[in-house]
Amino acid sequence: MSDFVKREKFIPYNLPDISQQEIDEVVDTLKSGWLAKGPRTVEFEKEFAGYVGAKYAVAVNSCTAALHVALLSQDIGPGDEVITTPMTFASTASTILHTGATPVFADIDYSTGCIDPNEIEKKITPKTKAIVPVHYSGQVCDLDRIYQIADAHGLFVSEDAAHALWSRYKGRLIGNKLRGTASYSFYATKNLCTGEGGMLATDSEEIASRARVLTSHGMSKNAWNRYAKGGTWKYDIVEPGFKYNMFDIQAALGLKQLSRLEDMQSRRLKIAARYQEEFGKMDAVETPFVPDYTTHSWHLYVIRIVPELLTIDRDQFIVELNERNVGTSVHFIPVHLMTAYRTRFGYKEGDFPNTEKHFDRIISLPLYPTMTAEETEYVIAAVRDIIEKNHK
Ligand SMILES: Cc1ncc(COP(=O)(O)O)c(C=O)c1O
């Protein structure tokens, strides 16, 4: 029997890792007199593009903004269809709707949680203009297959890389040698965090310059610089745009987080390896399957419980973890089952069987760089204890 002892302090599912370096850089920015988009944002764009190996990076105030602008850069709009996964955060789909196009869902590959290329093929119609694959949890989608399909049908690919900074496909960083775009999130829980924020990466000068205009109200080039010496007060609005730009306080955080990314990642990798090792021994847990082509960023560590072997379901499993002071989350409630999508498109349970089966079983466990070895072992022990007490 388990000798599990409940700890006093709650372990959250996620915590940002902010060092003195980030704090000092933010304070320097506050003292610099330049708080809005300015030199630090421009430097962060340059550093980020260099890091992922993209020709251009456009800093924005969220991944949602990047996803929206990526589609707008292709003039996607009313009458068009864009294929994506229902196993994602709402904004992957809502940004398609915001362009006026229709999101068309394709089921996931149950083994990885990422969109299944075979399902994409089934959903292509003459109206299809783009594919938005989501690198779920830091896994990567089967990009060779996806780009083959895109090429065969003349489709644009906007990669949702919210979870995939540091992830690699066949050894190549997501963002490197991009044929479409990659959109990253720097939300508070992400592997690199600026509180809120995002980046659009591309190798296309055309997309990058359109994105710069669209994310700054539609203002003509370099308008952010108009208050500096030598800047000009004159600007034009070349198309109605959005207030989507990043600003220098975020970029200050981003620059320091980027310089610490490898260190933060090495800690994530150690925790994930320990989880893989111990959960791999538990019959009532399915550990994340990582295909050979994937280098996982371990943004999330998502287990699937095996309800057939347990007397409790996933929801009760989460309650039990919470009672043992372990925080969790669920990534994600399938988008097609959200009220807005059920009512508008008539989606219902049963429409995407792999997505729904996955959803019924998933739990995101604590994983963040400042998590200690003791906390990691405690989470493992808590899961083991719940299984022992609730095994059929
Ligand atoms: C898969 C995915 N795409 C997009 C987003 C949107 O990111 P943001 O909050 O930076 O807009 C998220 C947010 O968590 C996400 O998980």
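Reply: Helix H2 (residues 39–52) and helix H8 (residues 248–259) pack at an angle of about 35°, and their axes lie 8 Å apart. Helices here are DSSP runs of H or I with at least four residues, strands are runs of E with at least two, and both are numbered from the N terminus. The axes are lines fitted to C-alpha atoms over the stretch in contact, with angles running from 0 to 180 degrees between N-to-C directions. As for handedness, H2 and H8 cross in the left-handed sense, meaning the near helix is turned anticlockwise from the far one by less than a right angle.

On the H2 side, the contact (heavy atoms within 4.5 Å) is made by Pro39, Arg40, Thr41, Glu43, Phe44, Glu47, Phe48 and Tyr51. H8 brings Asp248, Ala251, Ala252, Gly254, Leu255 and Leu258. Sorted by type, the residues of this contact come out as 8 nonpolar, 2 polar and 4 charged. In that sorting, Ala, Val, Leu, Ile, Met, Phe, Trp, Tyr, Cys and Pro are nonpolar, Asp, Glu, Lys and Arg are charged, and the others, Gly among them, are polar. An α-helix has 3.6 residues a turn, so residues three or four places apart point the same way.

A word on provenance: this is a predicted model, where local features need pLDDT of at least 70 and side-chain atom pairs count only at pLDDT 80 or more, while totals for chains, interfaces and linings use all residues. Numbering starts from 1 along each chain as its sequence is written, and side-chain values use heavy atoms, with hydrogens and water left out.

Now the wider setting. The protein chain has 13 helices and 13 strands. Its radius of gyration, taken over C-alpha atoms, is 22 Å, close to the 21 Å from the globule rule for 392 residues, so the chain is as compact as a globular protein of that length. That rule is 2.2 Å times the number of residues to the power 0.38. The C-alpha atoms fill a box of roughly 75 × 55 × 40 Å along the principal axes.

Buried residues (under 20% relative accessible area, 1.4 Å probe, protein chains only) make up 57% of the 392. Helix H7 (residues 205–214) has Ile207, Ala208, Ala211, Val213 and Leu214 buried, and these pack against strands E1 (56–60), E5 (156–160), E8 (181–185) and E9 (198–202) plus helix H3 (63–72). Among contacts in the chain between residues at least 6 apart in sequence, 74% join residues at least 24 apart.

Methods:
Buried means under 20% relative accessible area, exposed over 50%, partly exposed in between (1.4 Å probe, protein chains only).
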